[in-house]
Amino acid sequence: MVDLVAHTDGACSGNPGPGGWGVLMQAKDGVTVVKERTLSGGEAATTNNRMELMAAIMALETLERPATITIVTDSAYVKNGITGWIHGWKRNGWRASGNKPVKNVELWQRLEEATKRHQVTWKWIKGHAGHAENERADELAREGMKPFK
């Protein structure tokens, strides 16, 4: 059985500032990578959190048909938001603690919509800790930022 894994990352030069997102998609048979695809992009004026969200969104939206996929992110914001916080935000009319509007609400809604077609497992890893695939996603995010610097 082939497993689909997307390693995602976002980067920003200044926060806010020019930013980029990167995705390393891998189809694996056990530990062997049988197919690989990379994605990247960016924006002129954004934040690191927005780019982290965009990486996950693009990983899911790029899939042409429903899939079982593991999204590996170094963003606790993305992982905790989509697996936990979002339920309370929705219950509260997209309000966060202190009755403040949820930041990046349109991206959270887009991410939630993108997950509906797929079976998604979310995995958090520590960033810049020697994970080769995470480092590659970071490089892709920095490449995505280049046109906007």
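Two strands are said to pair if DSSP finds at least two bridges between them. Helices (H or I, at least four residues) and strands (E, at least two) are themselves DSSP runs, numbered from the N terminus. The structure is a predicted model, in which local features need pLDDT of at least 70, side-chain atom pairs count only at pLDDT 80 or more, and totals for chains, interfaces and linings use all residues. Residues are numbered from 1 along each chain as its sequence is written, and side-chain values use heavy atoms, with hydrogens and water left out.

The account begins with the sheet. Strands of a sheet pair through backbone hydrogen bonds, either parallel or antiparallel. Here five strands form an open sheet in the order E3-E2-E1-E4-E5, and the pairing is mixed. Strand E3 (32-46) and strand E5 (119-124) stand at the edges with a single partner strand each, so one side of each has no neighbour in the sheet. From one strand to the next, the twist averages 20°.

E1 and E2 run antiparallel and are joined by eleven bridges; glycine 10 stands opposite tryptophan 21 in E2. In the hairpin of these two strands, four residues lie between them, and glycine 14 takes a positive phi near 90°. E2 and E3 also run antiparallel, with twelve bridges joining them. Aspartate 29 has threonine 32 in E3 as its bridge partner. The hairpin of E2 and E3 has two residues between the strands, and glycine 30 in the turn has a positive phi of about 70°.

The parallel pairing involves strand E4 (residues 68-73), which is joined to E5 over six bridges. Isoleucine 71 stands opposite tryptophan 122 in E5. Helix H2 (residues 76-91) packs on the sheet and touches E4 and E5, its direction making about 140° with that of E5. Contact means heavy atoms within 4.5 Å; axes are lines fitted to C-alpha atoms, for helices over the stretch in contact, and angles run from 0 to 180 degrees between N-to-C directions. Helix H4 (residues 132-145) also packs on the sheet, touching strand E1 (2-12), strand E2 (17-29) and E3, and its direction makes about 140° with that of E2.

Helices also pack on one another. Two packed helices are described by the angle between their axes and the distance between the axes. For H2 and helix H3 (residues 105-115), the angle is about 100° and the axes are 11 Å apart. H2 and H3 are therefore roughly perpendicular to each other, a term that covers angles of 65 to 115 degrees. The contact is made by Tyr77, Val78, Gly81, Ile82, Ile86, Trp89 and Lys90 of H2 together with Trp108, Leu111 and Glu112 of H3.

The interior is described next. A nonpolar core is a set of buried Ala, Val, Leu, Ile, Met, Phe, Trp, Tyr and Cys residues joined through side-chain atoms within 4.5 Å. Buried means under 20% relative accessible area (1.4 Å probe, protein chains only). The largest nonpolar core has 30 residues, of which Trp21, Val23, Trp108, Leu111 and Trp122 touch the most other members. Helix H1 (48-61) is among the elements that give two or more residues to this core, and H1 supplies the largest share, nine residues. In E2, twelve of the 13 residues are buried. Threonine 8, found in strand E1, counts as buried at 1% relative accessibility.

Terms used
Angles under 35 degrees count as roughly parallel, over 145 as roughly antiparallel, 65 to 115 as roughly perpendicular and the rest as oblique. Buried means under 20% relative accessible area, exposed over 50%, partly exposed in between (1.4 Å probe, protein chains only).
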